[in-house]
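The following exercises are meant to be worked with the sequence and the model open side by side. Try each task before reading the solution below it.

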Amino acid sequence: MTCSIPILVVSNRKGGAGKTTVSVNLAAEFAAMGRRVLLIDLDSQGHCAVGLGVKVSAGQTAVHDIFTQPALRLVDVICETSINNLFLLPANPAFQHDNSGKDEQRLARALADEAIADQFDFIIIDTPPTLDNLLLNALSAANWVLVPYVPHPLSFEGVRQLVRVLFKVISERNSKLKILGFLPIMTANHVRQHRQVNEQVTKQFGALRSLSGIRTDIKLAEAFGVGKPVRLYAPKSRGAEDFAELAVTLIQLIEK
Ligand SMILES: Nc1ncnc2c1ncn2[C@@H]1O[C@H](COP(=O)(O)OP(=O)(O)OP(=O)(O)O)[C@@H](O)[C@H]1O
Ligand SMILES: [Mg+2]
C-alpha cells in the first residue's frame, strides 16, 4: 500500500543549499492556494519548526520516532501551525542519524495510513544534508524530488552526484519517483558564474527541469529568524514574489 497524495522531497546533500527555506516557503504557498499541506521535517536540526515559529518541547514525539517505535502512527504526531491549511511533523533534535536503522521503507509505510491521505492534499519532506538511510526513506516514500542548489561551480558536481543516487533509487527502489526540477537559490542573473552554472544544469538535465530560481533576498533569512514564511513577513519582497511564482509552476507540473 502507498500514500495516494503527492509527496515532494526537497533534497541536496550539500549543507546550506536552501532546502529548508524552500520546504517552508513552498508549503506556505501551497497552503495559501487552498491545499492542505503536511510538512515533514526529516532533518534533526529541526529548522522547519523554527521557520514556522512552532515550539517543539523536549521529549515531544517527532517523525524520527517511527524508527524506534514500530507502532507509532504519524497522525498522532502532527502539530498545528499558525497558518491555515499548514501542519508540521516536527523533527526530534536529539535523534542520532545512525539510529535510523536499515529499513528504507519505514517512512513510506508510516505515510500509507489512510488517515493521512484523508486529512491532507500534499506532503513536503525537508531532508538532512546527508546521504543516509533518512534520505533513502524520504526518496522511497516520495513521487517527486526537487533539488535546490546555490549556483557555484562546486555545487554542480554535488547535484550530479545526487542525480546518480536518484537514478539508482528510481531503478532499484521506487519507480514512481520523478525529478520535478532543479532550483537555483540565491541566484543573480548579472553574475556570470551563476549564469554559467545554471546553463550547465540546463544542458545536463534539460530545460524542462530547470526552474527559474529564487533570487538572493535578505527578507528570506529575516523571515526565518522571526518564524514566518516570507509571504507573511514581507509579501512584496523579491523572495515572496519568486516563491509565489515557483508554487504556481510546480502545482501545474504536479497536478497536470
Ligand atoms: N534566496 C535567499 N536569499 C538569501 N538568503 C537565503 C536564500 N535562501 C536561503 N537563504 C539563507 O541561507 C541559509 C541556508 O538556507 P537553508 O537553511 O534553507 O539551507 P539548507 O539546505 O536547509 O541547510 P542545511 O543543509 O543545513 O539543512 C539560511 O540562513 C537561509 O536563511
Ligand atoms: Mg535545512
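**Exercise 1. Determine which helices and strands each supply at least two residues of the shell around ligand 1, and describe that shell.**

Step 1. The elements that each supply at least two shell residues are α1 (19–32), β7 (178–187) and α8 (218–225), where helices (H or I, at least four residues) and strands (E, at least two) are DSSP runs numbered from the N terminus. Among the elements, α8 gives the most to the shell, with four residues.

Step 2. Of the 21 residues around ligand 1, those that come nearest are K19, T20, T21, P129 and A221; a residue is near a molecule if its C-beta atom, placed from the backbone, lies within 6 Å of it.

Step 3. Sorted by class, the shell holds nine nonpolar, nine polar and three charged residues, with Ala, Val, Leu, Ile, Met, Phe, Trp, Tyr, Cys and Pro counted as nonpolar, Asp, Glu, Lys and Arg as charged, and the others, Gly among them, as polar.

Step 4. Before going on, note that this is a predicted model, in which local features need pLDDT of at least 70 and side-chain atom pairs count only at pLDDT 80 or more, while totals for chains, interfaces and linings use all residues. Residues are numbered from 1 along each chain as its sequence is written, and chains are lettered from A and ligands numbered from 1 in the order in which they are written.

**Exercise 2. Which residues does G158 contact, leaving aside its neighbours within four places in sequence?**

Step 1. G158 lies in helix α6 (residues 153–172).

Step 2. With those neighbours set aside, G158 is in contact with N12, R13 and K14, contact meaning that the C-beta atoms of two residues, placed from the backbone, lie within 7 Å.

Step 3. Although G158 and N12 are 146 residues apart in sequence, their C-alpha atoms are 7.9 Å apart in space.

**Exercise 3. Is M186, which has a positive phi, buried or exposed?**

Step 1. M186 is not a glycine, yet its phi is positive, at about 55°; its place is in strand β7.

Step 2. M186 is buried, because 21 other C-beta atoms lie within 10 Å, and a residue counts as buried with 20 or more such atoms, exposed with 12 or fewer, and partly exposed in between, C-beta atoms being placed from the backbone.

Step 3. For N85, found in the loop between β3 (79–80) and β4 (86–89), phi is also positive, near 75°; N85 is partly exposed, since 18 other C-beta atoms lie within 10 Å.
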